[in-house]
Amino acid sequence: VRTNMDLKLAVGIIRLLLKKKTICFEVKEENNKTLVYKVVSGNKIISTWKLSPLPGNNYICISHGVFIYESFRKKRLGFFLNSLRISLAKELGYKYILCTHDDLNIQQTKILKKNNWENISNLNYHNKNIILSIKKI
């Protein structure tokens with residue numbers, strides 16, 4: 001697994017995008033093989049996300065808990081971190097990556113479209129239209 005190399009390269013790119021000198025990644029394992037990622041600058045969290053195996057299936061990864069803190073948005077970071085999540089999932093041996101998002105989240109919709117995710121279902125959940133998307137990696 002070459003995820004450490006991906007993270008080292010990512011640190012350099014995020015430094016350029018955000019014009020920050022100190023960027024680091026924190027990765028920890030939660031219950032049942034879920035990996036929790038945080039991008040940090042000093043004592044500020046820039047972004048977080050999780051990658052989990054689909055229960056009962058070692059080929060599909062679920063990308064969830066994705067969040068970029070407001071002061072770091074609109075700096076092309078969302079597209080880059082989405083690409084990084086795809087790369088990390090591939091390096092972990094997954095063949096597909098799955099996610100959901102609210103159709104009102106225009107930025108996330110654009111990021112997923114730009115990264116060639118396929119919308120496979122629309123779900124109505126608590127009066128919100130939730131889109132289920134998948135990507136072969």
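This is a predicted model: local features need pLDDT of at least 70, side-chain atom pairs count only at pLDDT 80 or more; totals for chains, interfaces and linings use all residues.
Two residues are said to be in contact when heavy atoms of one lie within 4.5 Å of heavy atoms of the other.

**Residues in strands**

With neighbours within four places in sequence left aside, E26 is in contact with V36, Y37, K38 and V40. E26 itself belongs to strand 1, which covers residues 24–29, and with a relative accessibility of 40% it counts as partly exposed, because that class lies between the buried limit of under 20% and the exposed limit of over 50%.

P53, by contrast, is a residue of strand 3, and its relative accessible area of 14% makes it buried. Setting aside neighbours within four places in sequence, the contacts of P53 are with N32, K33, I60, I62 and Y94.

N122 sits in strand 6 and, at 52% relative accessibility, counts as exposed. Once its neighbours within four places in sequence are left aside, N122 is in contact with N129, I130 and I131.

| Residue pair | Separation along the chain | C-alpha distance |
|---|---|---|
| E26 and Q108 | 82 residues | 23 Å |
| P53 and N127 | 74 residues | 28 Å |
| N122 and Y37 | 85 residues | 27 Å |

In soluble globular proteins, nonpolar side chains tend to be buried together. In this model the largest nonpolar core has 28 residues, and the members that touch the most other members are I14, F25, V39, W49, L77, L81 and I97. At least two core residues come from each of helix 1 (3–18), strand 2 (35–41), strand 3 (44–54), strand 4 (57–68), helix 2 and strand 5 (96–102). Helix 2 provides the largest share, with seven residues.

**Helix 2 against helix 3**

Helix 2, formed by residues 77–91, packs against helix 3, formed by residues 106–114, at an angle of about 50°, and the two axes are 10 Å apart. The helices are therefore oblique to each other, and helix 2 passes helix 3 in a right-handed crossing. On the side of helix 2 the contact is made by G78, F79 and N82, while helix 3 contributes Q108, I111, L112 and K114.

**Two loop positions with positive phi**

K74 is placed in the loop between strand 4 and helix 2, where its phi is near 60°, a positive value in a residue other than glycine. K74 counts as exposed, with a relative accessibility of 79%.

N116 lies in the loop that runs between helix 3 and strand 6 (118–125). The phi of N116 is near 60°, again a positive value in a residue other than glycine, and N116 is exposed, with a relative accessible area of 59%.

Key
Residues are numbered from 1 along each chain as its sequence is written. Side-chain values use heavy atoms; hydrogens and water are left out. Axes are lines fitted to C-alpha atoms, for helices over the stretch in contact, and angles run from 0 to 180 degrees between N-to-C directions. Helices (H or I, at least four residues) and strands (E, at least two) are DSSP runs, numbered from the N terminus. Angles under 35 degrees count as roughly parallel, over 145 as roughly antiparallel, 65 to 115 as roughly perpendicular and the rest as oblique. A crossing is left-handed if the near helix is turned anticlockwise from the far one by less than a right angle, and right-handed if clockwise. A nonpolar core is a set of buried Ala, Val, Leu, Ile, Met, Phe, Trp, Tyr and Cys residues joined through side-chain atoms within 4.5 Å. Buried means under 20% relative accessible area, exposed over 50%, partly exposed in between (1.4 Å probe, protein chains only).
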